[in-house]
Every structure is written in structure tokens, then in C-alpha cells.
Amino acid sequence: RSFFCGVAANSLSLIGDGALMGVDGLCYAVGLYAERRKADPQEAERVDRLGALFSAGMLAATTCWLLFDVVDRLMGDEGREEAPATSANGKVAEAAKLAAPTASAEDEVNSVVMLIFTLVNLAADVLVILAC
């Protein structure tokens, strides 16, 4: 849920949280599989190492993906150099320049989706507290 709301809101924070929760779930499944394979004493150490290596690799890959996305957003238009469009007489086509979306418009976080997501989670937390 966090991942999809993050995509809808264009929020790297929610996307990262959702992606890491998904990777955690996958790593738990691999850990359970590894525990079942430990019935054979000869395989126990090997399975432990492979399970830990898988978990570390998945978390590292997810973290790197998020870091590259963060750096890309922080760099903005500086890293995106485009040749200016020219008209027949050599002038820069201002209309094309104005019609092109800017990085800040593409990367802007949708605060309404973020607020709704936060309020729903807050309400769920309050319900859990009241149920206890």
C-alpha cells in the first residue's frame, strides 16, 4: 500500500518505505525456506549463508536504486542537457521551450495523496490502540 501511494504521490519516501517492506517480506520468505532446508545438517551452514547473502543483496540493491533516484531528483535539470530547438531562421523556438515540462513539475510531490495516506495510517494506529 505504501509503495502504490508513493507512486501516486511521487514521494520517494513512501516508495522507498514500500519497496523495503516488500524486500523484507521476500527476505522473510527466503529465511523460512532456509530454515526448512536446515533439516539436513550438511546443508545448514550453506543455507544460512546463502539466505543472508540474498537478504543483504536485495536490501543493497533497493537502497542503491533509491539513492540513484534521490540524486537524480536533487540534480534536477543540471544533469539533463538538451539541445535547444531552432526554427528555420536559427532562433530558439520559445514555444517548444515553454511547452516542455520542467523537472520541478515532474518531481513535485502530491501533498494531497501524502496527507490522505498519513491520515488513514493514523486512524488505523488509533484503532489498534483502542482495540488493545
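At which residues does UniProt place the feature "transmembrane region"? The unreviewed entry gives residues 12-34, 50-68 and 112-131. The structure shown here is a predicted model, and the record can be read alongside it.

Consider two of these annotated stretches in turn.

The next topic is the packing of helices. Two packed helices are described by the angle between their axes and the distance between the axes. Helix α1, formed by residues 2-9, packs against helix α6, formed by residues 111-131, at an angle of about 155°. Their axes are 8 Å apart. Angles over 145 degrees count as roughly antiparallel, and α1 and α6 are therefore roughly antiparallel to each other. The crossing in which α1 passes α6 is right-handed.

Which residues of α1 and α6 meet? From α1 come S2, C5, A8 and A9, and from α6 come V113, M114 and F117. Sorted by class, this contact has 6 nonpolar residues, 1 polar residue and no charged residues.

The structure holds 1 salt bridge, and R49 forms it with E45. The closest N and O atoms of this pair are 2.6 Å apart.

Note on methods. Residues are numbered from 1 along each chain as its sequence is written. This is a predicted model: local features need pLDDT of at least 70, side-chain atom pairs count only at pLDDT 80 or more; totals for chains, interfaces and linings use all residues. Side-chain values use heavy atoms; hydrogens and water are left out. UniProt positions are given in the numbering used here, feature names are shortened, and annotations may be inferred rather than shown by experiment. Axes are lines fitted to C-alpha atoms, for helices over the stretch in contact, and angles run from 0 to 180 degrees between N-to-C directions. Helices (H or I, at least four residues) and strands (E, at least two) are DSSP runs, numbered from the N terminus. Angles under 35 degrees count as roughly parallel, over 145 as roughly antiparallel, 65 to 115 as roughly perpendicular and the rest as oblique. A crossing is left-handed if the near helix is turned anticlockwise from the far one by less than a right angle, and right-handed if clockwise. Contact means heavy atoms within 4.5 Å. Ala, Val, Leu, Ile, Met, Phe, Trp, Tyr, Cys and Pro count as nonpolar, Asp, Glu, Lys and Arg as charged, and the others, Gly among them, as polar. A salt bridge is a side-chain nitrogen of Lys or Arg within 4 Å of a carboxyl oxygen of Asp or Glu.
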